[in-house]
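Subject: Handover of a structure and its findings

Dear colleague,

Please find below the structure that I am handing over to you.

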Amino acid sequence: MGMAKWESFLENHIEGFFNRRFSSDLEPVELGKALQRELVQKRRKASDGHVVPNEYMLEVGAADYERLCAQRIIDELHADVERTVILEDCFMDGTLSIRLEKSKEKKGVLRVRSRFSSQAETPPDAVEPHTIVLDRADFARPLNLPRAHELASLTAVRGVDKDSYLAIGEKQIYIGRLEKNDFILTDANASRLHAYVTYERHRHVLHDAESTNGTFVNGQPVTSVCLQAGDEIQIGSTILLYEVL
């Protein structure tokens, strides 16, 4: 078996982790790519689409750990995973957890493991030494949780409000002519509260708010729909483009 085929065999058949060896220091972008690859490889087919693991552990050598265990890096890894869930048109159940652990491996060695778990968070007394555990939860944000990230955007590409823009994350947002809305439209054909977007299973879901003229996605009327990158949302005479940041 040739070297290329052997490496492909290992990557596709070693269950539970992905190894990659480097002669130099690991960089944050390499952690992100490894997480994205793990997510795609471990997705499972469900009745309503593909579901991906919600718990990830990255093992790195001591030297790399000391450089990479910063809060801002873990924050970005969270955002990378959440954006990948949207781009791959998957779902994630439970709280997203990413752990960075120190191992006895040499510099440049990265191991990634993942699993499906319904646990909301890891009890503090269950955390191993030299481990950063960061979980998202629905209640008030503890100090050790990553900050909220802007994951996608809505941009008006047609209508009187053309070029209006709103970055969105996990917070529910409202769209319409009311000044209290998050995305305010001046379009006379839009309702005062026309639609709203929720964050469910790590995806943005658009809901029509019983508007007068209805809400359309890619030309089709909807009451609620899970948004995908590139979707065009019609509200009155306005077209909003949904994009992943």
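A residue is called buried when its relative accessible area is under 20%, exposed when it is over 50%, and partly exposed in between, as computed with a 1.4 Å probe on protein chains only. By that rule, H202 counts as buried, because its relative accessibility is 10%.

The model is a predicted one, in which local features need pLDDT of at least 70 and side-chain atom pairs count only at pLDDT 80 or more, while totals for chains, interfaces and linings use all residues. Residues are numbered from 1 along each chain as its sequence is written, and side-chain values use heavy atoms, with hydrogens and water left out.

Overall composition

The protein chain contains 4 helices and 19 strands; these are DSSP runs numbered from the N terminus, with helices (H or I) of at least four residues and strands (E) of at least two. Of the 245 residues in the protein chain, 47% are buried. Among contacts with a separation of 6 or more, 61% join residues 24 or more positions apart, where contact means heavy atoms within 4.5 Å.

The surroundings of H202

H202 lies in the loop between β13 (195-200) and β14 (203-208). Its side chain reaches the backbone oxygen of G94 at 3.0 Å. Apart from its neighbours within four places in sequence, H202 is in contact with E82, V85, I86, M92, G94 and L96.

Two strands are said to pair if DSSP finds at least two bridges between them. Both strands belong to an open sheet of 5 strands with mixed pairing, in the order β12-β11-β13-β14-β17. At its edges stand β12 (183-184) and β17 (224-226), each with a single partner strand, so one side of each has no neighbour in the sheet.

The antiparallel sheet

Another open sheet has 6 strands in the order β10-β9-β19-β18-β15-β16, and its pairing is antiparallel. Here β10 and β16 (220-222) are the edge strands; each has a single partner strand, so one side of each is left without a neighbour in the sheet. Within this sheet, strand β18 (residues 232-235) is joined to strand β19 (residues 238-244) by 4 bridges, and Q234 stands opposite I239 in β19.

G159 is located in the loop between β9 (152-158) and β10 (165-168). With a relative accessibility of 32%, G159 counts as partly exposed. Leaving aside neighbours within four places in sequence, G159 is in contact with S237 and T238. The C-alpha atoms of G159 and I235 are 9.6 Å apart, although the two residues are separated by 76 residues in sequence.

A buried strand and its partner

In strand β6 (residues 97-103), 6 of the 7 residues are buried, so the strand is largely enclosed by the rest of the structure. Strand β4 (residues 55-61) runs parallel to β6 and is joined to it by 7 bridges. E59 stands opposite E101 in β6.

Helix α2 (residues 28-41) and helix α4 (residues 71-87) are in contact through P28, L31, G32, L35, Q36 and L39 of α2 and I73, L77, D80, V81, T84 and V85 of α4.

With kind regards

Technical notes:
Polar contact = N/O pair within 3.5 Å; in protein donor to acceptor, adjacent residues only side chain to side chain.
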